[in-house]
Amino acid sequence: MQTYRLYINGEWVDTGTRYEVRNPANGEVIAECAVAGEAELNAAVDAAARAFPDWAARSYEERGELLRAVAQGIKARYEAFALAETQETGRCLRETMAHDIPATIAVFEYFAGVAPATLGETIPVPGMYLNYTRREPYGVVGAITPWNFPLWLAAIKIAPALAVGNTMVLKPAPTTPITALMLAEVMHQAGIPAGVFNVLTDPTPATLGDLLTRHPKVRKISFTGSTAVGVRVMQNAATHIAPVSLELGGKSPFIVFADADFDRALAHALLANYFAQGQMCTAATRIFVERPIYERFRDAFVARAQRLQIGDPSDPTTEFATLHKREQLEKTEFYVRTALEEGAKLLAGGRRLTEPPFDKGFYFAPTVLEEVQPTMRVACDEIFGPVAMLMPFEGEAEAVRLANSTDYGLAAGVWTQDIGKALRVAHQIEAGKVWVNCYNMIPPQAPYGGYKLSGFGRELGLHCLLDLYTQVKNVQVDLSPDYFEWFG
């Protein structure tokens, strides 16, 4: 078991009060973390505000070199980060090793190099004037991240924000603070100046978050989490007119046309539903399959879902592990039970796994439902659990209608070998990210974010540098030799 303190102004700060972090797979205590309160929050924000002028004045190249050093520091502790992420989330080690850590390294490396592309413009205006724009950082960024991909979701906020000259106070989810604190260790060793990056932990999801998002010195807020909490973040930010970016929930459609590459579509449908035990905002829980291949796809999907290797997340052979916490388990049970009461048919799973060695965790079998109507709660609400729904459709128009029959709009998948059809459907789907013949590919070079209740703002790519972490200043210079006086 490790003991962690807060990271404030380049120093490790103990508050005298700690809370336990447990491994969801077995209930064991894996860390004790300091509890931050209002005093620690004020100290962190003040430190970030003091560090901002010097950090913003540094060149893109200098900040980039420090971020590259952070990437190298993560590489040096690759396995330790992967194991910590597995232990705190309950996700499979094969996932954290293959996805989370390399994706995090790639984010730091990308923004270390691309930040100088945040160029201003020269604008022609009438008269003898030079008119141009500058992209300038906001100042202190308050960032709040969830528990499902704690390291990567922190990185996609930290790297771009710092690259363009902001400073940051990060509040990770209460149940997954370890990799954020390990990252603070790496940033300290890499030479990130005191106050530029700060990490605060506490056991309650709302108290510290409310203080952070209401703080008048926090000039920009970046939040990833549920739609309900996103609304609360916006309300808090409105008290001091701080701009907000939100990456929220999803209920993503996965559309398989009859001419799709069957085996590839099947494999990605499984991945889109059961990676991270379905605890992803982009989870493609609504699988729409064109009627000519529906029964074949259904039978193959169910058979593959039932063969997933369920086990200890730290075992490299495990393909499917525990849910993160009891609330997720109970929520998943509720939605499956409600779906069956409303007339859905259970094809696989649908139950908690209670026999040893699963009895100490929050294991729920990979679940498949059919005969689900678009108006059922299970088809409308984000579950954040391993529940896939299979529904037939006929033709492009019905596929688009079903895909858009939700209040969410984060992501979607389209599977067909007809590129014209793929693009027609992709252009009509109300989602910020549409994958064609692939799924859940989120490269750091491309924008990522949602429509409708899935939030607004685009993380990653140049879009986040331009739209999320810099603000526009316009400068106009009079070049005319003639003197002009308005009065007299």
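The model is predicted.

Start with helix α8, residues 227–238. At 1.5 Å a residue, its 12 residues should span 16 Å. The end C-alpha atoms are 17 Å apart, which agrees. Which residues of α8 are buried? They are Thr227, Gly230, Val233, Asn236 and Ala237.

Now move to α7, where Asp210 lies. Asp210 is buried, because its relative accessible area is 11% and the cut-off for buried is under 20%. Leaving out residues up to four places away in sequence, Asp210 touches Arg232 and Asn236. With Arg232 it also forms a salt bridge, and the closest N and O atoms are 2.4 Å apart. This pair links distant parts of the chain: Arg232 is in helix α8, Asp210 is in helix α7, and they are 22 residues apart. Arg232 itself is partly exposed, with a relative accessible area of 39%.

Side chains of opposite charge can pair when their charged atoms come close. How many salt bridges does the structure hold? It holds 25. One of them joins Arg298 and Glu370, at 3.5 Å from N to O. Arg298 lies in helix α10 (residues 291–306) and Glu370 in strand β15 (residues 367–370), so the pair ties together parts that are 72 residues apart in sequence. Both Arg298 and Glu370 are buried. Arg22 and Glu20 form another salt bridge, with closest N and O atoms 2.8 Å apart. Here Arg22 is partly exposed at 44% relative accessibility. Glu20 is partly exposed at 42%. Salt bridges also link Glu85, Arg91, Glu95 and Asp100 in a network.

Next comes helix α15, residues 461–468. Its buried residues are Gly461, Cys464, Leu465 and Leu468. They cover an arc of only 155° around the axis, which puts them on the same side of α15. They pack against α4 (93–114), α5 (150–163), β10, β11 and β22.

Val477 is partly exposed, with a relative accessible area of 31%. Together with Met128, Leu130 and Leu479, Val477 forms a nonpolar patch on the surface. The four have about 340 Å² of accessible area together.

Key
Residues numbered from 1 in each chain as written. Predicted model: local features only at pLDDT ≥ 70, side-chain atom pairs only at ≥ 80, totals over all residues. Heavy atoms only, no water. Patch = residues over 30% accessible without salt bridge, like charges linked within 9 Å, V, L, I, M, F, W, Y side chains within 5 Å. Areas by Shrake-Rupley, 256 points an atom, 1.4 Å probe, with all protein chains shown as cover. Salt bridge = Lys/Arg side-chain N within 4 Å of Asp/Glu carboxyl O. Buried < 20%, exposed > 50% of the residue type's maximum accessible area, 1.4 Å probe, protein only. Helix = DSSP H or I, 4+ residues; strand = E, 2+ residues; numbered from the N terminus. Expected span 1.5 Å × (residues − 1). Contact = heavy atoms within 4.5 Å. Arc of directions from axis to C-beta.
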